[in-house]
Protein chains: 2
Amino acid sequence: PVKFEQISPSEFFYRNRDIAGFSSPARSLYMSIRELVENSLDGAEAGRILPEILVELSQEKASDEEGGVNVFRLRVEDNGIGVPGDKIPLAFATVLYGSKYGYRQSRGTFGLGGTMALLYGQITTNKPATVISSTDGKTIHRYELMIDVVENKPRIISYQELKNPRGWRGTIVNFYLEADYTTSRPKILEYFRNTAIVNPHASITFVDSRGRLYHYPRVVEKVPEPPREAKPHPVGVDVETITRLIASASARSLAAFLQASFQKVGRKTALEVVEMAGLKPDMNVRKLTHEQVTALIDAFKRYGKFRPPDPSPLSPIGAEFLETGIRSLLKPDFIHVVSREPSSYGGHPVVVEAAIAYGGLIEPSETIHLYRFANKIPLLYDERADVSWKVVSEKIDWSNYKVPKIAPLAVFTSICSTKIPYKTVGKEAIADRPEIERELTIALRECARNLKAYLSRIEKREAREKR
Amino acid sequence: PVKFEQISPSEFFYRNRDIAGFSSPARSLYMSIRELVENSLDGAEAGRILPEILVELSQEKASDEEGGVNVFRLRVEDNGIGVPGDKIPLAFATVLYGSKYGYRQSRGTFGLGGTMALLYGQITTNKPATVISSTDGKTIHRYELMIDVVENKPRIISYQELKNPRGWRGTIVNFYLEADYTTSRPKILEYFRNTAIVNPHASITFVDSRGRLYHYPRVVEKVPEPPREAKPHPVGVDVETITRLIASASARSLAAFLQASFQKVGRKTALEVVEMAGLKPDMNVRKLTHEQVTALIDAFKRYGKFRPPDPSPLSPIGAEFLETGIRSLLKPDFIHVVSREPSSYGGHPVVVEAAIAYGGLIEPSETIHLYRFANKIPLLYDERADVSWKVVSEKIDWSNYKVPKIAPLAVFTSICSTKIPYKTVGKEAIADRPEIERELTIALRECARNLKAYLSRIEKREAREKR
Ligand SMILES: Nc1ncnc2c1ncn2[C@@H]1O[C@H](COP(=O)(O)OP(=O)(O)OP(=O)(O)O)[C@@H](O)[C@H]1O
Ligand SMILES: Nc1ncnc2c1ncn2[C@@H]1O[C@H](COP(=O)(O)OP(=O)(O)OP(=O)(O)O)[C@@H](O)[C@H]1O
Ligand SMILES: [Mg+2]
Ligand SMILES: [Mg+2]
């Protein structure tokens, strides 16, 4: 007899934690650190706060050898906006729960990351996690939590309200996990260093289990312009989205509904789309038949004259900050940065920024040093599956730009969007959506042309010096 | 003010359908076909039935050009075990619902695939799907379904009980989707052809939207030995699993619990593990403290003397069938097949089968033709991310085996397990778990040694003929 079951999303990601990136003790430590640091950066951004993030890693049991798989304690503290007391158990011990489901750029997107780190810790050590937070500088909420994996809900082991004499606001997450620091250390340090490059307003400190302190100081005192929530853009919108917008519409007439529900749709556009669908502007939008909704969506697809999306839900790195960050890291002899105008894919606004650096501290090599960023997160794995690698290795013929076979060449790509088309839940590679591939190609070719001019000048100068 | 939300798993996979493999109209057509065909093969296997599968694709709207993105109708019919009438809406219109969550090899594993295909169809065409099934040859249940994506539950548009004069049993899924057959056709045909190779007892017919019929006849009249449900193996079991086994244990004493809950744990093993944990064999397993459970898990990790897993939950292809299939496809001059003994990773039994073929119809090339299979499913995407590619390109030095730079060489790898460590929800690449990597390396080196002997004989014979 066949046994049918429904499983919860936490059960799904527990059984399939490889798919969420928690595949080995080394990789799981990397994922835990990055998920919590990205939550802290989002938390500061939401409150327009200059981020102060402290990451502490300590080895729980003394083991005979330093290295290998052991139980570690990981503690991440930030000065961000905090999590409301009644929301803490759900935010950290429930999968698919979060505040980043809107239409605005953020590092988080799935409602999974923080909970996955705690889940991994729980199933490898059997210990509860501690989450402490204050949103108002008055009340501090302190929870000890475990996750009921079968039901996808929190199990509150203890709760206390603490006094807050110093008016602290922020979030502290403290938990235990089986990890392998020796193996993942290089990637962890690279993650901090690259995060600091594209978040120059953040101050990050990492104290590792060997007692070493790594400090990445703030180099910019100004908070970047935060992304603003926007309405969906009509291009690429599907049946499900339209059906929901109709169901929650306050406007009654079809034309008014279109103008109110979408960005960049004015009266004229609304009338043209309605006419293209063979409908009337003053039809009651809630009384549209199934066929009429289908006709409306068809018209959306064929219209072709929608204005490009509003870039205010985005918050790119900025050409100036990207250049400063690359210069401090690589001290290149040449650098060129390009920041493209906003474009879109599937109804989501996208800004692509790119840079090429040459010489200085860059190690000459036959393969290009590629630094990838998505919504200001460094991507350090799955390089070959990423659209940036595809562009750098297939769309740019470097020999055309006078780049020798072995060259001190570094390429930086940054993609910012209300929805990054990640290929995996582990957020490591970006899918080759045609619009994004095109923007990257244009940006990198512009940088490469400038590189060619520089290399020509060097060539000429060296020729002159020989004579 | 920060807005917190819980989203359902269908909402999660709707927003992130790239992650489930439904990224473009061409890829979504491929995914829909494979998910339904894999469901049909599983359905036949569950009933020890020789599979008859009919796949029909037709273009819904006549378009001015044949090709490009259009609305298609996809219908898949099988003669398998069917789905019980009361379970049909949940099976096909609920995400994370299925019958393949047990401890036994099957193609399906997530409880997602069929529903994702229907979900993709629904959001691109706004049409309901039809599912027809009979489990007993008497009653036929016919549903028209849509998915409530926000709530992850079925919306039954209509239901009928139909007469069954011919005693038909099986399942029919019929739905509409926006697809691009022209682009995905080569991959679809390759999928059918490779599926037929490793499922020689299946009869598959594909009628495409151009009216062409592709038939893959049954070449073996015997149903393969089906996988049998087994208990979990103690190696690699984590806190969560142990905690649940304890909660549902009928045995009272700790030693009896261990023997009853795990495979390959007899009285002697149970006593040794209990002693290693510093516990007593007759302790009440339900009254174990948190620390005692942690000590028990530690003992599981350190014990090191558990017998290897029971292979009866597996159903490999079989060396004989693999050879027959490869011969019919490639007519090679040389072939060697290796079927490894069962091993395990993370508590799951694994059987690795591999083959090397040379000459015949194989196209000489500088890159190896790699054919990958997991639980008898062909994997056609993400080759470079797969453990088989890693072994073939990094662990085998082909020049050591007299293989020339340009060679007519084909490599086949098959991995069968109660849990395939897929890297993605789209089931295309397998993670490089050390045990699996090792098994593949050993199997392929054995095939390669035989290939070397063959190539040496050819070399000698050609040398003799020259003289
Ligand atoms: N340090 C923090 N400061 C403020 N809010 C936080 C912090 N950490 C977590 N949260 C809140 O908890 C929610 C859940 O976090 P979680 O990491 O699980 O998901 P997410 O960040 O929304 O998405 P993702 O899975 O992509 O990371 C967040 O949406 C946020 O509202
Ligand atoms: N053709 C079929 N014959 C018999 N049962 C079927 C068929 N198609 C679907 N089912 C049932 O519906 C369930 C859900 O199918 P679905 O494809 O969504 O998930 P799955 O096959 O369990 O896992 P996966 O997501 O890995 O495919 C299956 O577990 C199976 O019980
Ligand atoms: Mg997060
Ligand atoms: Mg399935």
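This is a predicted model: local features need pLDDT of at least 70, side-chain atom pairs count only at pLDDT 80 or more; totals for chains, interfaces and linings use all residues.
Biologist: Which ligand 1 neighbours are the closest, and how many residues surround ligand 1?
Modeller: Ligand 1 lies between chains A and B. The closest residues are Ser99(A), Thr109(A), Leu112(A), Gly113(A) and Lys427(A). The number of residues that surround ligand 1 is 24.

Biologist: How many Å separate a polar side-chain atom of Lys427(A) from an oxygen atom of ligand 1?
Modeller: Ligand 1 also has oxygen contacts with the backbone: a polar backbone atom of Phe110(A) is 2.9 Å from an oxygen atom of the ligand. For Gly111(A), a polar backbone atom is likewise 2.9 Å from a ligand 1 oxygen. With Lys427(A) the side chain takes part, and the distance is 2.5 Å.

Biologist: Where does ligand 2 lie?
Modeller: Around ligand 2 there are 24 residues. The closest are Ser99(B), Thr109(B), Leu112(B), Gly113(B) and Lys427(B). The position of ligand 2 is between chains A and B.

Biologist: Are H2(B) and H5(B) parallel or antiparallel to each other?
Modeller: Helix H2 of chain B covers residues 25-46, and helix H5 of chain B covers residues 181-198. Their axes are 8 Å apart and the packing angle is about 25°. Angles under 35 degrees count as roughly parallel. H2(B) and H5(B) are therefore roughly parallel.

Biologist: Is the crossing of H2(B) and H5(B) left-handed or right-handed?
Modeller: On the H2(B) side, the residues in contact include Ala26(B), Leu29(B), Ile33(B) and Leu41(B). On the H5(B) side, they include Tyr181(B), Ile188(B), Tyr191(B) and Phe192(B). By class, this contact has 10 nonpolar, 3 polar and 3 charged residues. The crossing of H2(B) and H5(B) is right-handed.

Biologist: Why is H5(B) called oblique to H10(B), and at what angle do they cross?
Modeller: Helix H10 of chain B runs over residues 319-330, and the axes of H5(B) and H10(B) come within 8 Å.

Biologist: How many nonpolar residues are in the contact of H5(B) with H10(B)?
Modeller: H5(B) contributes Arg193(B), Ile197(B) and Val198(B). H10(B) contributes Phe321(B), Leu322(B), Gly325(B), Ile326(B) and Leu329(B). Divided by class, the contact has 1 charged residue, 1 polar residue and a nonpolar count of 6.

Biologist: What is the packing angle of H8(A) and H9(A)?
Modeller: Helix H8 of chain A spans residues 267-276, helix H9 of chain A spans residues 290-303, and their axes are 8 Å apart. Their crossing is right-handed. The contact includes Val273(A) and Met276(A) of H8(A), as well as Leu296(A) and Phe300(A) of H9(A). The packing angle is about 120°.

Biologist: Which residue has a side chain joined to that of His336(B) by a polar contact?
Modeller: His336(B) is found in strand S11 of chain B, residues 334-339. Leaving aside neighbours within four places in sequence, the residues in contact with His336(B) include Ala354(B), Ile356(B), Glu446(B) and Cys447(B). The polar contact between side chains is 3.3 Å, and the partner of His336(B) is Asn450(B).

Terms used
Residues are numbered from 1 along each chain as its sequence is written. Chains are lettered from A and ligands numbered from 1 in the order in which they are written. Side-chain values use heavy atoms; hydrogens and water are left out. Axes are lines fitted to C-alpha atoms, for helices over the stretch in contact, and angles run from 0 to 180 degrees between N-to-C directions. Helices (H or I, at least four residues) and strands (E, at least two) are DSSP runs, numbered from the N terminus. Angles under 35 degrees count as roughly parallel, over 145 as roughly antiparallel, 65 to 115 as roughly perpendicular and the rest as oblique. A crossing is left-handed if the near helix is turned anticlockwise from the far one by less than a right angle, and right-handed if clockwise. Contact means heavy atoms within 4.5 Å. Ala, Val, Leu, Ile, Met, Phe, Trp, Tyr, Cys and Pro count as nonpolar, Asp, Glu, Lys and Arg as charged, and the others, Gly among them, as polar. A residue is near a molecule or strand if one of its heavy atoms lies within 4 Å of it. A polar contact is a pair of N or O atoms within 3.5 Å; within protein, one must be able to donate a hydrogen and the other to accept it, and residues adjacent in sequence count only if both atoms are side-chain atoms.
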